[in-house]
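My entries are kept in the order in which I looked.

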Amino acid sequence: MSSRSQDDNVFKALAHPRRREMLDQLKDEPKTTGMLCDAFPDIDRCTVMLHLKVLEEAELIVARRDGRERWNHLNSLPIKQIHDRWISQYAGHALSIIDRLKSDLEA
């Protein structure tokens, strides 16, 4: 898969607030699909599975089976790659503009 296509998958996955909440649930430790369903009682299991599928396609989670249980593990590397490619470059540019403005105001 091309880097651009993978970036699109990550942005798509992160665009939905429920998927971001699911990633937050996985931040500290992996959880089974059942545990995630319990954490979101307002949506049904099928909807949870659809959200997990989008997260898995974006490689934001890695699912491992252990008997009948499916354990979902956070993979934060795609988020770091998005940060490195997009956010850090623009943040650096914004900071240089603020620094230049500060220098101009002090002069």
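The entries below record what I looked up, beginning with the basis of the values.

**Basis.** I worked from a predicted model, in which local features need pLDDT of at least 70 and side-chain atom pairs count only at pLDDT 80 or more, while totals for chains, interfaces and linings use all residues. Residues are numbered from 1 along each chain as its sequence is written, and side-chain values use heavy atoms, with hydrogens and water left out.

**Entry 1: the sheet.** I took helices (H or I, at least four residues) and strands (E, at least two) as DSSP runs numbered from the N terminus. I counted two strands as paired if DSSP finds at least two bridges between them. Three strands form an open sheet in the order β1-β3-β2, with antiparallel pairing. β1 (31-32) and β2 stand at the edges with a single partner strand each, so one side of each has no neighbour in the sheet.

I then looked at β2 (residues 61-66), which is joined to β3 by six bridges. R65 stands opposite R70 of β3, and A63 has N72 as its bridge partner. Two residues lie between the strands of this hairpin, where G67 takes a positive phi near 65 degrees.

**Entry 2: N72.** Is N72 buried or exposed? I used under 20% relative accessible area for buried, over 50% for exposed and the range in between for partly exposed (1.4 Å probe, protein chains only). N72, in strand β3 (residues 69-74), counts as buried because its relative accessibility is 0%.

I next looked up its polar contacts (pairs of N or O atoms within 3.5 Å; within protein, one must be able to donate a hydrogen and the other to accept it, and residues adjacent in sequence count only if both atoms are side-chain atoms). The side chain of N72 makes one with the side chain of T33 at 3.2 Å and one with the side chain of R70 at 3.1 Å. For contact in general I required heavy atoms within 4.5 Å. Leaving aside neighbours within four places in sequence, the contacts of N72 include L26, P30, L36, L52 and I61.

**Entry 3: helix α4.** Helix α4 (residues 45-57) has 13 residues and reaches 18 Å from its first C-alpha to its last, close to the expected 18 Å; the expected span is 1.5 Å times one less than the number of residues. Its buried residues are V48, H51, L52, V54 and L55. Seen down the axis of α4, they fall within an arc of 155 degrees, so they line one face of the helix; the arc is that of the directions from the helix axis to the C-beta atoms. C46 and L50 are exposed on the other side. At the start of α4, a side-chain oxygen of D44 reaches to within 3.1 Å of the backbone nitrogen of C46.

**Entry 4: E59.** I found E59 in the loop between α4 and β2. E59 is not a glycine, yet has a positive phi of about 60 degrees. Most residues other than glycine have a negative phi. E59 is partly exposed, at 44% relative accessible area.

**Entry 5: the core.** Which residues touch the most other members of the largest nonpolar core? I defined a nonpolar core as a set of buried Ala, Val, Leu, Ile, Met, Phe, Trp, Tyr and Cys residues joined through side-chain atoms within 4.5 Å. L52, L55 and L60 do so, among 16 residues. α1 (3-15), α2 (17-26), α3 (33-39) and α4 each supply at least two residues, and α4 gives the most, with four.
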